[in-house]
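Open the model in your viewer and keep the selection panel at hand. The tour goes from a domain interface to strand pairs and then to backbone geometry.

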Amino acid sequence: MIVVTGSRIAVVGGGIVGVAVAREILRRQPDSAVTLFEKEDRLAAHQTGRNSGVVHAGLYYQPGSQKALLCRRGVGLLEEFCAEHDIRRIGCGKVLVALDDAERARLDDIADRARANGVPGVRIIGPRELRELEPHVSGVAALHSPSTSIVDFAEVTEALAADAVVDGATILLGHQVVGMRTVRDEVIVTARCGQTARDDAFDRVVVCGGLQSDRLAALVGDGADPVIVPFRGEYYALKPQRRHLVNGLVYPVPDPRYPFLGVHLTPRVDGEVLIGPNAVLALAREGYTWTTVSVRDLVEIAATGAFWRFARQHWRTGVRELYGSVSRRRFLAAARAYVPELTDDDVVAGKAGVRAQALDSDGSLVDDFRLSFRDRVVVVRNAPSPAATSSLAIAEHIVTTIAQPGSR
């Protein structure tokens, strides 16, 4: 799949990855005609605009993995982009707090990984230094990452889109792609806007569909795996008068036995401090509340063997997460382990996001970036966290990959 000068290229999906891809194509091939389709009336409407805003430094990831490499490259590109576009980014730092000796032992491996990934300034600190950084946080030790920062990724997405438009991109909001078919040497993309459908011909298509990625892949005859299962992450927010309880990001030590990270405390660039998220099965792909239910989505989940295999492996975690969703006291108990002063009256209900969790057929989580190719269409089948952090590097990788001779 070679991108050549003068190509007509469609990008499907207006999250940060899709917008970054559109911009990157035009940076490399300014004579290309790039059209971006987004089904919502705004960019960054789903995962990009509903995440916690953390610019991940690359602490956890296996050194040499694609996730680690894209994260570290992405951090540098994102920092440069924010500086050039006067986008506020706060270097608040991050502590991974060990509550007992078993968690303390796991910090050493994380520190080794972080250093191997080139994360600057990482060190393990004791209770006294932890108290100096976070006076209201308790733990037996912590890993401190001073370079971890926060940003508004929706603002970044809008700035990326503005660059792309200046370079010649056309962005079609409110246009849902409902069909893609290859006819000779073209891909015909059918998009619906209200009651009207339009067909456009392109030389290449890049699909960055997030929560809809497997469905969009099916339009071009791609395989079923990995499937997307939506997990909602719910948050509480500290009341303004209690935001002083944390100075930076306060995270748990990851437990390899469990599929999700767990509740943490996250300051945002607007001053808000979030507590969460949990991870509960969403009742719709874009189900941000318990009352948002899609029969179609639930039937698909129920018919998916990968989901039931995943559920058998992690049902205890699922029960615990569900309990936290319906009980504020239980939800906050996880955060109170790190901030003992936190009370149930210190918080208000916060936002929620839905994570596009990709599952392989055996029920295992797809943990790394994954592309698939079908004729003239490339589909981003999985772009896991830290996809927002890595978005500019992911865009480089995608455009480089599709430009290589023999890449289909």
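A word on the model: it is predicted, so local features need pLDDT of at least 70 and side-chain atom pairs count only at pLDDT 80 or more, while totals for chains, interfaces and linings use all residues. Residues are numbered from 1 along each chain as its sequence is written, and side-chain values use heavy atoms, with hydrogens and water left out.

Colour by domain next. Domain 1 is 8–48 + 155–226 + 367–403, domain 2 is 94–146 and domain 3 is 227–364. These bounds come from an automatic or database domain assignment. The centres of domain 2 and domain 3, taken over C-alpha atoms, are 23 Å apart. Their contact (heavy atoms within 4.5 Å) takes 16 residues from domain 2 and 18 residues from domain 3.

What holds polar groups across this interface? Nine residue pairs are in polar contact, both residues at pLDDT 80 or more. A polar contact is a pair of N or O atoms within 3.5 Å; within protein, one must be able to donate a hydrogen and the other to accept it, and residues adjacent in sequence count only if both atoms are side-chain atoms. Salt bridges between the two domains number zero. The salt-bridge rule asks for a side-chain nitrogen of Lys or Arg within 4 Å of a carboxyl oxygen of Asp or Glu.

Stay on the domain 2 side. Strand 5 (94–98) and helix 3 (101–116) each supply at least two residues of the side that touches domain 3. The largest share, five residues, comes from strand 5. Helices (H or I, at least four residues) and strands (E, at least two) are DSSP runs, numbered from the N terminus.

Two strands pair if DSSP finds at least two bridges between them. In strand 8, Val 151 is the bridge partner of Arg 89.

Move to strand 10 (residues 176–183) and strand 11 (residues 186–193), antiparallel and joined by seven bridges. Two residues lie between them in a hairpin, and Arg 184 in the turn has a positive phi of about 55°. Continue to strand 12 (residues 196–202), which pairs with strand 11 in the antiparallel sense over seven bridges. Here Val 189 stands opposite Asp 200.

**Backbone stops**

Most residues other than glycine have a negative phi, and most peptide bonds are trans. Select Asp 86, in the loop between helix 2 (66–84) and strand 4. Its phi is near 55°, a positive value.

Then find Pro 226, in the loop between helix 6 (213–219) and strand 14 (227–238). The bond from Asp 225 to Pro 226 is cis, with omega near -5°. Finish at Ser 385 and Pro 386, joined by a cis peptide bond with omega about 15°. Pro 386 sits in the loop between strand 21 (377–382) and helix 10 (387–403).
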